[in-house]
Amino acid sequence: MPTVALLLASNCFMTLAWYWHLKSGMTKALPIVILASWGIAFFEYCLAVPANRIGYAAGWSGGQLKVTQEIIALLVFAVFAVVVLKEPLGWRHAGAFACLAGAAAFMFAGR
């Protein structure tokens, strides 16, 4: 579905915009990091806005779109945390994902 694909791509940009500097940019001046992150986040908006419009036009509710985005965000961040930040995943990550999956089940129940 185009909505999920666009949300996945937008979350890749947003995760990069929010967290890239933790690994390699801690020595850079904060205003530079903020401007660079805004530049990256521009592409997130270019994908997230159409994703939400397409999903809403296809009958998804705002809540369904938001919960889906949060699940995708957690998955994208989990990969980023392991691959880029070299942080291990643990039971708390699994628990958070399970809670979001439960939220999605509630949001999509009956639709």
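Okay, let's start with threonine 3, which counts as buried at 1% relative accessibility. Keep in mind that what you're looking at is a predicted model. Threonine 3 sits in helix α1, the one covering residues 2–24. So what does threonine 3 touch, once you leave aside its neighbours within four places in sequence? The contacts are Ala51, Ile54, Gly55, Trp60 and Leu65.

Now take cysteine 12. The closest cysteine sulfur to its own belongs to cysteine 46, and that's 15 Å away, so the pair is too far apart for a bond. For the cut-off, we call it a disulfide when the two sulfurs are within 2.5 Å.

How about accessibility for these cysteines? Cysteine 12 is partly exposed, at 42% relative accessibility. Cysteine 99 comes out at 59% relative accessible area, and because the exposed class means over 50%, cysteine 99 goes in there.

Last stop, the surface. There's a nonpolar patch made of Val79, Val82, Val83, Val84 and Leu89. Together those residues have about 390 Å² of accessible area. Let me pick out valine 84. Where is valine 84 placed? You'll find it in the loop between α3, residues 62–83, and α4, residues 91–108. And is valine 84 buried or partly exposed? Partly exposed, with a relative accessible area of 31%.

Okay, that's my tour. Over to you.

Notes:
Residues numbered from 1 in each chain as written. Predicted model: local features only at pLDDT ≥ 70, side-chain atom pairs only at ≥ 80, totals over all residues. Heavy atoms only, no water. Patch = residues over 30% accessible without salt bridge, like charges linked within 9 Å, V, L, I, M, F, W, Y side chains within 5 Å. Areas by Shrake-Rupley, 256 points an atom, 1.4 Å probe, with all protein chains shown as cover. Salt bridge = Lys/Arg side-chain N within 4 Å of Asp/Glu carboxyl O. Helix = DSSP H or I, 4+ residues; strand = E, 2+ residues; numbered from the N terminus. Buried < 20%, exposed > 50% of the residue type's maximum accessible area, 1.4 Å probe, protein only. Contact = heavy atoms within 4.5 Å.
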